[in-house]
Amino acid sequence: MDDDGRGPGPRPDGDTGAQDDPADEDGPRPLPYEGVWRFTAPAVDASVPQARHAVRDLLFRQGVPLHDDLVQGLLLIVSELVTNAVRHAAVLSPTLGVEVAVGAGWVRVAVEDEHPYRPTALETDHGRTGGRGLLLVREIAREAGGTCDVQHTASGGKVIWASLPLRDARFR
């Protein structure tokens, strides 16, 4: 996996990204764990566990204050999104991008590919054994008090993301 570094990135609406410090006249300072990290991976099955481990290690290394249940939910989201990109987009997108963005009160994971098809969450069909990954991602995000969406990219592909509050809604 290639690490493309970190920098300022997208934040959920209304989040300034840092806590105000009245003593700081230059503006709010980011918390030590805030930032945006992006890496690329080939659209192959082996990238699923590699992406999951890379995200887990990044969150731990940065000291992001996540409850264990929220970490597990995020890692399941990463697994589902990367799996979907590998299974459904690899023909047109030999590589995929994984982005992790962390703000003062939220964490966002996103997977980008170059396939133009925009998937929708499927209704639950108990007779099917697959095809419910995006539905699962939306449910995990909703239960945690977050959100997810699918958007087209400027290059004609798509990015699927989920943003979750750092404090799990079930533990407030």
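User: Which residue in strand 8 is the bridge partner of Asp-113?
Analyst: In this predicted model, Asp-113 has Lys-158 as its bridge partner in strand 8.

User: What do the side chains of Lys-158 and Asp-113 do?
Analyst: They meet in a salt bridge, at 2.8 Å from N to O. Lys-158 belongs to strand 8 and Asp-113 to strand 6, 45 residues apart, so the pair links distant parts of the chain.

User: Lys-158 and Asp-113, buried or exposed?
Analyst: Lys-158 is buried, and Asp-113 is too.

User: How many residues of strand 8 are buried?
Analyst: Eight of its eight residues, so strand 8 is mostly covered. Lys-158, Ile-160, Ala-162 and Leu-164 point one way, while Val-159, Trp-161, Ser-163 and Pro-165 point the other way.

User: How do strand 6 and strand 8 pair?
Analyst: In the antiparallel sense, over eight bridges. Strand 7 also pairs with strand 8 in the antiparallel sense, over six bridges. There, Gln-151 has Val-159 as its bridge partner in strand 8.

User: What sits between strand 7 and strand 8?
Analyst: Five residues; the two strands form a hairpin. Gly-156, in the turn, has a positive phi of about 100°.

User: Back to charges. How many salt bridges are there in the whole structure?
Analyst: A search finds five. One of them joins the side chains of Arg-38 and Glu-112, at 3.2 Å from N to O. Arg-38 is in strand 4 and Glu-112 in strand 6, so this pair ties together parts 74 residues apart in sequence.

User: What is the relative accessible area of Glu-112?
Analyst: It is 19%, and Glu-112 counts as buried because the cut-off is under 20%. Arg-38, with 25%, is partly exposed.

User: Which residue does Glu-139 meet in a salt bridge?
Analyst: Arg-142, at 2.5 Å from N to O. Glu-139 is partly exposed at 31% relative accessibility, and Arg-142 is exposed at 52%.

User: New topic, the largest nonpolar core. Which residues touch the most other members?
Analyst: Val-55, Leu-59, Leu-66, Val-82, Leu-96 and Val-107, out of 40 residues in that core. Elements giving two or more residues to the core include helix 1 (47-62), strand 5 (95-102) and strand 6 (106-113).

User: Which element gives the most?
Analyst: Helix 2, with ten residues.

User: And Leu-59, what is it in contact with beyond its neighbours within four places in sequence?
Analyst: Leu-59 is in contact with Val-64, Leu-66, Leu-74, Val-100, Val-102 and Val-107.

Definitions and conventions:
Residues are numbered from 1 along each chain as its sequence is written. This is a predicted model: local features need pLDDT of at least 70, side-chain atom pairs count only at pLDDT 80 or more; totals for chains, interfaces and linings use all residues. Side-chain values use heavy atoms; hydrogens and water are left out. A nonpolar core is a set of buried Ala, Val, Leu, Ile, Met, Phe, Trp, Tyr and Cys residues joined through side-chain atoms within 4.5 Å. Buried means under 20% relative accessible area, exposed over 50%, partly exposed in between (1.4 Å probe, protein chains only). Helices (H or I, at least four residues) and strands (E, at least two) are DSSP runs, numbered from the N terminus. Contact means heavy atoms within 4.5 Å. Two strands pair if DSSP finds at least two bridges between them. A salt bridge is a side-chain nitrogen of Lys or Arg within 4 Å of a carboxyl oxygen of Asp or Glu.
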